[in-house]
Amino acid sequence: MTSIGTHPRVIWFALALLLSAIAFQAPVRADSMPQAEFEQRVRDYLLAHPEVVVEALQAYDARQRQAQEDQIRAVLAERADEILRDPASPVGGNVRGNVTLVEFFDYNCSYCRQMMPIMAQAEAADPELRIVYKEFPILGPDSTLAAKAALASHRQGGYVKFHRALYQVKSRVTEAVVLKAAAEAGLDVERLKTDMESPEIKASIGRNLQLAQALNINGTPGFVAGKQILHGATDLATLMQAIEQARKEE
C-alpha cells in the first residue's frame with residue numbers, strides 16, 4: 001500500500017486545501033500578494049494550524065479508499081462470469097455448491113502453502129463450498145511453469161490432486177519438481193509437457209493476471225468471496241466468515 005505520507009498527489013491535495021483556506025481568510029487576494037509574503041502566510045498558517053494537514057491527508061485517504069472500493073465493486077459485477085465461471089479455471093469442492101470462493105495463488109508463495117490446510121479445512125467444513133482456482137504466477141519463471149503444468153493437468157482430469165501435490169513440496173517448485181509431482185500423481189508426463197505449451201493455457205494465465213490487477217490483488221494469496229476481497233493469508237475463522245457472508249449475497 002502506498003504511504004500517504006510520501007505520495008506527491010496527497011501533498012499537493014493537502015497544500016491546495018491549505019492555500020484555499022489561507023486565501024479565503026486573507027484580507028487581500030492571494031494572487032495579488034508578493035511571493036515572499038504569500039509564502040510567509042502559508043508558513044505561519046501551517047505552524048498555527050498543523051492539524052489541518054492531518055485532516056487534509058485523512059480526507060484524501062478516505063476518498064482514495066472509497067474510489068478504489070467503488071471500482072472493485074464495479075469489476076466484481078461486470079466481470080462476474082470471468083471471476084466465477086471461466087471454463088479455463090479449474091473448480092474444486094462441490095462444483096454445484098451454493099457459494100463460491102475464488103483463490104489467486106502462486107505455487108512458490110510460502111503464504112499460499114500455509115493456506116493449503118486451511119483451505120482443506122474450509123472445504124471439509126462446508127459441503128456446499130465451490131472453489132475456483134486462479135493460477136496467478138507472479139514469482140518468476142518457475143511459478144509460470146508450475147501454473148502451466150497445473151492447467152495442463154486439468155486436461156487430464158487430475159488438477160486438484162496435482163495442485164495439492166505441488167503444495168506438499170518443501171523446496172522451490174522448479175521444472176524438475178513439477179515433472180516428478182506429475183508422475184507421482186499418475187499424469188501422462190509427455191502429454192503434460194505438450195499441453196503446457198498450449199496457447200489457450202498461456203491466454204488463461206494472462207487473463208488471470210489482468211483480472212487480479214483489476215481487482216487490486218497485487219500479491220498472493222488473494223481471495224474473492226462474494227463482494228469481499230481478502231488480501232494475504234488468513235485464519236480459518238476469517239475465511240469461513242467471508243464464505244458465509246458471500247452465501248448471503250448469492
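This report describes the fold of a predicted model, from its overall composition to its sheet.

## Basis of the model

In this predicted model, local features need pLDDT of at least 70 and side-chain atom pairs count only at pLDDT 80 or more, while totals for chains, interfaces and linings use all residues. Residues are numbered from 1 along each chain as its sequence is written, and side-chain values use heavy atoms, with hydrogens and water left out.

## Overall composition

The protein chain contains eleven helices and five strands; these are DSSP runs numbered from the N terminus, with helices being H or I of at least four residues and strands E of at least two.

Of its 250 residues, 41% count as buried (under 20% relative accessible area, 1.4 Å probe, protein chains only). The accessible surface, from the Shrake-Rupley method with a 1.4 Å probe, comes to about 13,600 Å², and 55% of this belongs to carbon and sulfur atoms. Among contacts (heavy atoms within 4.5 Å) between residues at least 6 apart in sequence, 75% join residues at least 24 apart.

## The sheet

Five strands form an open sheet in the order β1-β3-β2-β4-β5, with mixed pairing; two strands pair if DSSP finds at least two bridges between them. Because β1 (91-93) and β5 (228-231) stand at the edges with a single partner strand each, one side of each has no neighbour in the sheet. Neighbouring strands are turned by 25 degrees against each other on average, direction ignored; axes are lines fitted to C-alpha atoms, for helices over the stretch in contact, and angles run from 0 to 180 degrees between N-to-C directions.

Four bridges join β4 (residues 222-225) to β5 in the antiparallel sense. Gly222 stands opposite His231 in β5.

## A helix across the sheet

Helix α5 (residues 110-125) lies across β1, β2 (99-105), β3 (129-135) and β4. Its direction is at about 160 degrees to β3.

Note on methods
Buried < 20%, exposed > 50% of the residue type's maximum accessible area, 1.4 Å probe, protein only.
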